[in-house]
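Here is a short note for someone opening this structure for the first time. The points below start with the overall make-up and end with a few side chains.

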Amino acid sequence: MQQLHTPHVVVVMGVAGTGKTTIGPLLAARLGVPYAEGDDFHPPANIAKMTAGTPLTDEDRWPWLDAIGGWAHGRAGLGGVVSSSALKRSYRDRLRAAAPGVVFVHLTGSRELIEDRMSHRQGHFMPTALLDSQFATLQPLQPDEAGVAVDVAGTPEEITERAVNALKGLPEPVR
């Protein structure tokens with residue numbers, strides 16, 4: 001499989017259970033850039049809330065998004081892949097404010113497929129009970145946002161290949 005190189009900083013986004021943590025590293029490997037796990041940027045209080053089944057507020061998310069944005073800013077011109085649910089336009093705007101050249105890969109799929117995948121995950125703090133709040137919060141990418149939507153049906157390799165092909169159609173990032 002050919003490795004591609006990109007100066008893009010890619011945010012792999014979507015509701016819980018779409019495969020951000022699986023597809024992100026695969027995509028980074030294909031693009032020849034580093035990967036950062038978005039969940040690692042959460043402060044302990046956020047993880048405690050989610051583990052308890054309590055959805056985060058916007059105020060909870062701002063420091064997390066700022067940390068991800070800082071990482072993305074540091075990768076500008078070098079490329080990188082980071083995962084973040086980035087469910088609301090305002091969250092993506094905040095990431096773009098820190099790193100104007102970021103592009104989004106929105107992993108999409110049916111609620112049934114995603115719930116099934118979540119129910120088989122081991123050791124993840126996000127309970128299936130929060131899936132409804134994730135879908136209720138989701139604001140899909142708008143035409144004026146740099147990014148692509150990628151269906152999560154199929155194997156991780158198939159999903160990654162769809163993402164790579166979709167990213168090929170995006171213009172080079174502004175420096």
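1. Contacts (heavy atoms within 4.5 Å) in the protein chain with a separation of 6 or more are 76% between residues 24 or more positions apart.

2. Basis of the note. This is a predicted model, in which local features need pLDDT of at least 70 and side-chain atom pairs count only at pLDDT 80 or more, while totals for chains, interfaces and linings use all residues. Residues are numbered from 1 along each chain as its sequence is written, and side-chain values use heavy atoms, with hydrogens and water left out.

3. Elements. The protein chain has seven helices and five strands, taken as DSSP runs numbered from the N terminus (helices: H or I, at least four residues; strands: E, at least two). Read from the N terminus, their order is β-α-β-α-α-β-α-β-α-α-β-α.

4. Surface and burial. The protein chain exposes about 8200 Å², of which carbon and sulfur atoms supply 57%; the areas come from the Shrake-Rupley method with a 1.4 Å probe, and for residues only the protein chains shown count as cover. Of the 175 residues, 43% count as buried. Buried means under 20% relative accessible area, exposed over 50%, and partly exposed in between (1.4 Å probe, protein chains only).

5. The sheet. In what order do the five strands lie in the open sheet? The order is β2-β3-β1-β4-β5, with parallel pairing; two strands pair if DSSP finds at least two bridges between them. β2 (35-36) and β5 (147-151) are the edge strands, each pairing on one side only.

6. Strand pairs. β1 pairs in the parallel sense with β4 (residues 103-108) over four bridges, and V11 stands opposite F104 in β4. Four bridges also join β1 to β3 in the parallel sense, where V12 stands opposite S83. Between β2 and β3, which run parallel, there are two bridges; A36 has V82 in β3 as its bridge partner.

7. Faces of β3. In a regular strand the side chains alternate between the two faces of the sheet. In β3 (residues 80-83), G80 and V82 point one way and V81 and S83 the other, and all are buried.

8. Nonpolar cores. A nonpolar core is a set of buried Ala, Val, Leu, Ile, Met, Phe, Trp, Tyr and Cys residues joined through side-chain atoms within 4.5 Å. The largest one holds 23 residues, among which V11, M13, V15, L95, V102 and F104 touch the most other members. At least two residues of this core come from each of β1 (9-13), α3, α4 and α5 (111-119), and α3 gives the largest share, four residues. A second, separate core has 19 residues, including V10, V33, V81 and V152.

9. The aromatic pair. Rings of Phe, Tyr and Trp (its six-membered ring) pair if their centres lie within 6.5 Å; planes under 30 degrees apart count as stacked, over 60 as edge-to-face and the rest as tilted. The count by this rule is one aromatic pair. Why is the pair of W62 and Y91 edge-to-face? The ring centres of W62 and Y91 are 5.7 Å apart and the planes are at 85°, so the pair is edge-to-face. Because W62 lies in helix α3 (residues 58-74) and Y91 in helix α4 (residues 89-98), the pair ties together parts 29 residues apart in sequence. W62 is partly exposed, at 22% relative accessible area, whereas Y91 is buried, at 1%.
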